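This briefing is for a reader who is new to the structure shown below. Please look it over before reading the points that follow.

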Amino acid sequence: MLTLSGLTKTYPNGVQALRGVSLTIGHGLFGLLGPNGAGKSTLMRTIATLQQADEGTITFDGEDVTKNPGALRGKLGYLPQQFGVYPRIPALQLLDHIAVLKGVADRRRRAEQIDALLYLTNLWDVRKRAVSTFSGGMRQRFGIAQALLGDPRLIIVDEPTAGLDPEERNRFHNLLSEIGENVVVLLSTHIVEDVSDLCPRMAVLAGGRVLVEGKPADLIAGLAGRVWQKTVPKQSIDAYRASHDVISTHLYGGQTRIHMLADAPPDDASAPVVPDLEDVYFSVLAAQRTEAGSPAC
Amino acid sequence: MLIDIVRFEWRYHTRQISFAAATLLFFGFGFALTAAGFGPANVNVNSPYDIAQTLGTISLAGVFAMAVFCANAVVRDREYQLEEIVFSTSVGKFHCLFGRFAGSFLAAFTAFSASALGMMIAALIPFQDHARIGPFSVAPYLWALLVIVLPGMLVAGVTLFGIATLTRSMIASVVGAVAIYVFYFVAAAFTNSPLMAGSNPGAANASAAALLDPFGLSAFFDQTRYWTPITRNTRLISLTGTFLLNRVLWLAFAAITWTFVYRRFSFRLLTEPKRQAADTIGDSAPSSPYEPVAVSLTPRTQWRSFMAATTLEVRTVLGSIPFILLTLLWTGLAFAEIVADVAGGEYGAAFYPSTGFILGTLRQPFSLVASIIIIYYGAEIVWRERAAGIAEMLNATPAANAVFVFSKWIALSAMTIVLMAGGVIAGVLVQWTRDYHQFEPGVALSFSWVMCAPVIVFAMAAIVIQTLIPNKYAGMLVVLIIAVMLQGGSLTGLEHPLLRFGATPPVQYSAMNGFGHFAAPFNWFIAFWATVGALLLFVAAASWRRVRGDRVLRNSAHSDRRLAAVLVAAVLLTGGFIFYNTNVLNHYESSASALDWRADYETTYEPVASLRQPRIAAIRANVALYPQERRYQIDGRYDLVNNTTEPLGKVLVSVRRGLRVEAMLLAQARLVASDIRFGMYAFQLDMPLTPGQRLTLQFSIVCDNNGFKATGPDNSIVANGSFIIAQRDLPSVGYRKSYEIRNPSQRKNHGLPLKPEEDAAADVDLDGEWIDLDVTLSTVPSQIALSPGHLDKEWTANGRRFFHYRSERPIHNAVVFSSARYETASTTAGPVKIHLFYDPAHRVNASRILKAASDSLQQFEETFGPYPNRELNIAEAPSYWSFGGLAMPGLIFLSESRAFSIDARDPSRLDLITRRTAHEVAHQWWGHDVAPADAPGATAIVESLTKYSELLALEKTSGRAAVRRSLSYELDRYLAGRTDDKQPEVPLARVTNQDYLFYGKGAIVMRALDDLIGRPALTRALRSFVAEQAGPGHSATFDDLMRNVLSVAPAADQPLINEWMRDVVLYDLQVTSATSRRLPDGRFEVTMTIAAHKSRVNPNGLETALPLAESIAIGVFESDPDNAGDDATLHLGHHLLHEGANSITVLVSRQPAFAAIDPYLTRLDRNRSDNVRKVAQQ
């Protein structure tokens, strides 16, 4: 059980990355959805003990992480959003090195686990190649492998599927949901599909705040009957934005299709649609933008 | 467009923190060097010469500024991954490359120029020594920046920019910077650059090698070598000759390099070749599925993490190509340095490349190179995870911060050890090439410890600073500052080694005594700094940048705190122990307060210096030496005699500082004052001592050497090789002139009057005091103790070995007691027995020394008169003492390093052992048989006549060519020495302690006399001088010598002799042409044009031309006169030469090759390189 309460973080340049984030996250996959610059990575790094919050506390399984980060690190599997590796060191050797640093003492079991992970992440054939020569997807799978070393009770994966092809992404999703049965998995992403595919619970983070939290199905249910779709000419989008609650615009076959939020049909040409998670996400973001008074873009 | 790029680049660099730091650093360099009075002491600190030398020296450090700025200009795109963006813009290749180079070079050069500003300000500050300030002018600064600094920096800048452009790697540029240094040192090793220790004067290839120095310093020294202080103060270096050629050559090199780089550079990304599937392995897949494996977080697993991290770090740094290249470069540099030093003895002599010698040679360059590598790699290794992008992944593991910090320190230590091994390998290679096969592993190990330990401690500082400072380059600069403080901390006023991180007291090595008594203080200091460093590493671990954010997370667990407490206790204990030793057991004194002490002594006691004092007529003493405890006790008795003409009422006795006086009793006298600070004891006699009357002084003094000192130990009593100089270590009567400050500017600072002429060297008492000596020495049974006098008796009692020495007739009061584990060998010279006492390691030269002593003793007896003693003892002295040889009456000491370690196997080199031995044997006549009065000219009697004698011996054993080569060193010594003299040059008749005069000029002038009046006449004169002045009761003066010489000289020669002896004249002789023609009878007619000039140097340093009409030798040779045997001389005769061009024709019987004016150097010729000319055949 991971509990965040009142986390705030302001960078020296004045950017407020976190503004009082509180969440309670149990076993299973938890999706953290948000646009670029929402504070996701700051939050992930803060939970991963790599950054300090200005205020607020993090507890994991009843233990205060802020006071004793070392204890959490022993139970942590962390895949940063971006990472590099030492040049000229083979995957096998680097995994072994990280496993030792993680405290996996038993040499034989360490070797077995590394072999299993290499196989699982489809890196078995290239295990003796330097990680620095890996392609983007291979490198990402290596990152996943290292996050699973040891006995992680909390797994934090920051934008894990970036750069993976659909097949790899599938494998990865299967893997995560398998592992997620017994541990806390925190998955940050800006891809709505990842969350809808995988996560029993989720939250949307934007502007350093948790805008909404819950089960995807509940959130979708909350929009039932309130989302309308219409195909409009490009030039009139701004006019619709001014007069309606436009939550998203898509290009569809060269034409612009907009989704609007309303309790009743906004006009005759609008057709009701069955809301999905994307509508939830965009409606929340749109609401937040209106609140902040910032122009929609 | 181009201007914009230059401007952008300039702005980019000048806004970096590294620019501000570098500017400050160079400003500080310039300020510190000038404020400390860098440069020759007789030249103004703001003279063109000093400015050029200072800026040239700092420009060596400028190379690293170039590496940072110029390399950064190209590397940063790759580092910040802007490469693809920049390369896809429309900027042209030339604009891009040239603009970036110009902008970054401008920034680097601007930062460097701050050093000139620092120098100017340092010259203007009020506490500067006004005697060394000339009129202020900006021109010499600008000129030096333009002609010396700028070309060298361009070469460095272009080279490093080129390397960076082609490799896009920062480390490659740093390797390049080190390579430039290596190249520089190799070039300097083969030239006369005063920057290199042990450079030998007069290397004939100097000007050729001066071309090789990219920084122009060697060419600068080449041009200014014989400039007098006046010239150095006024003349700018001129763009002529070798200097011009050097500058043009290197500018051309820069231009060519630039063009090459420009052509090779392409706007494409450097792609690492992708390795193909050769290494994909399709062996059996693992059987078991993934499942979690329990982790444990115990000290044991942390230790495993530490071992794993260490292995990875060490493997990474040692296996990196740049480091391997650096190690190879360093090994090459070390090899070159050792080769240069092995062959770099005085007079071109070679040394045996013993393990101690080669590693001693490497100490300085090693500490320099290793420090540079630590500065760079310290930054690299601390920032490596962040640069690679793997930091977050590792930081999220539970490994403790200390795991990262300490493993990185170990990696730096491993690099240091690898470098050391490279140096040792270079040394072994030199040993092999010189056919020397006595590698001593123990010595190599202790040298490695002494050389590596401070660097490894310094590496701790590098890690700590890089951890604490959030900018890599700013961190590098701070580490550099610490390194500079460590090397030259005394400039900053932090002299006590406890105040400078990593500093230790000096450590000297002696083949006889090993690291001996230097080892313990060194080890204590290293232990202290290692604990301080370990503590700092824990601080670094606590603030390891694992967690992003403004606050540093301190998560020290309890075990860390316990460890920290233990370390703090260890720091306090070792530091306290050291402080107790250096400042409680011993009196700590900074160099400034040591000078104050000497100044105060002079002010207090100089007024009574003129007080007439009785002289020592007899010394009786029991000298008990305890070498292992470094302790001795002397119970002695002096007979004092009043040899003045008036009664004496007051006696002053002086005891060296640091000695404990147990008893001090003067018969029939009262102790009226005892001044502990200066060790001065004043006695009032009950009854005045009438002329001729004697008095007894009884004393007991003890030297304890408790603990150790911060500034280095006293070396008089050591485990093996004790050397106690009576004049220094025994009580003396009267004022001690040797305490006076000699340096004129220091005298001025202390408000002491300047002395019109410097006092005679106080190391040798020239004022003939003749004594009866009767001493009993006791030492440990394994050692032999030596003293002047005849060994009456030797016995063992109470587990100690006793030696009783007694003078059989009064001897000159120059007494040294020594004790060491000597091996002995003997020979005879007629009735005289010669005993040699040497260290077993130096057996190889024993027979050569004995033969030289025997031959020269017999030759000098025949030439000058009988040797007064029954035996002559020759003993080895440890290298702590700077002399090459030191003569006592009947007892000669030769230095282990400057005599016993000489490799005289190569017959083409001057035999330094034979000449040094002959020199000291000659002192038995000049100095100890004839002991001159303490007056100007005395050193000419003692040393110039000894030089003459030594050359007689050398001529007999090695022939005329050896004399020619030997005298060319003496001429160089003279010419170089006169430019360094702080005061105007005096004639030989008034020489005091100017060694360039009494050795250099003395040797040439004595050979000139020999040539002018003939050897039989000159030796007759010297023989009668000895007969007249030898023994007690005489005190010869220079006039006595001149009287004897003039009495045998024809009247016509006397004005010239007087001119040589009592005036300062210089010659300029030159063979301007030489041709030969075969005559029908088979002989050859050689026609030569000789240009001859002569001038007098006035006391103000200016010269006036003199008329010339002298007979000077002209030689025609079949081969190079430097190596020609006497039989290769076709013609050697005197010809009358006049001012201007002289045409000379001689007939020779065989084909001539070389013509030479004054081939055996009898004239003080400012340029001897044009005295020999190849004969052109017609």
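Leaving aside its neighbours within four places in sequence, which residues is B:Cys70 in contact with? They are B:Phe101, B:Ser104, B:Phe105, B:Ala108, B:Gly157, B:Leu160, B:Phe161 and B:Ala164, where contact means that the C-beta atoms of two residues, placed from the backbone, lie within 7 Å. This is a predicted model, in which local features need pLDDT of at least 70 and side-chain atom pairs count only at pLDDT 80 or more, while totals for chains, interfaces and linings use all residues. Residues are numbered from 1 along each chain as its sequence is written, and chains are lettered from A and ligands numbered from 1 in the order in which they are written.

**Nonpolar cores**

- B:Cys70 is, with B:Met66 and B:Leu537, among the residues with the most contacts inside the largest nonpolar core, which has 416 residues.
- Helix 18 (residues 441-468) of chain B gives the most to this core, with 18 residues.
- Apart from it lies another core, of seven residues, including A:Val246, A:Ile258, A:Met260 and A:Leu261.
- A nonpolar core is a set of buried Ala, Val, Leu, Ile, Met, Phe, Trp, Tyr and Cys residues joined through C-beta atoms within 7 Å.
- A residue is buried if 20 or more other C-beta atoms, placed from the backbone, lie within 10 Å of its own, exposed if 12 or fewer, and partly exposed in between.

**Chain A overall**

- Chain A has ten helices and 14 strands; helices (H or I, at least four residues) and strands (E, at least two) are DSSP runs, numbered from the N terminus.
- Chain A has a radius of gyration of 21 Å, close to the 19 Å that the globule rule gives for 297 residues, so it is as compact as a globular protein of that length.
- That radius is taken over C-alpha atoms, and the globule rule is 2.2 Å times the number of residues to the power 0.38.
- Along the principal axes, the C-alpha atoms of chain A fill a box of roughly 70 × 45 × 35 Å.
- Of the 297 residues in chain A, 44% are buried.

**A sheet in chain A**

- Four strands of chain A form an open sheet in the order 12-13-11-14, with antiparallel pairing; two strands pair if DSSP finds at least two bridges between them.
- Strand 12 (246-252) and strand 14 (271-272) of chain A are the edge strands, each pairing on one side only.
- Strand 12 of chain A runs antiparallel to strand 13 (residues 255-261) of chain A, and six bridges join them.
- A:His250 has A:Arg257 in strand 13 of chain A as its bridge partner.

**Strand 24 of chain B and its partners**

- Strand 24 (residues 1084-1097) of chain B pairs with strand 23 (residues 1065-1078) of chain B in the antiparallel sense over 13 bridges, and B:Leu1069 stands opposite B:Ala1092 in strand 24 of chain B.
- The hairpin of strands 23 and 24 of chain B has five residues between the strands, and B:Gly1082 there takes a positive phi near 95 degrees.
- Strand 24 of chain B also pairs with strand 28 (residues 1140-1148) of chain B, antiparallel over nine bridges; B:Thr1087 has B:Thr1145 as its bridge partner in strand 28 of chain B.

**Where the chains meet**

- The contact takes 47 residues from chain A and 41 residues from chain B.
- Helix 4 of chain A gives the most to the side of chain A that touches chain B, with nine residues.
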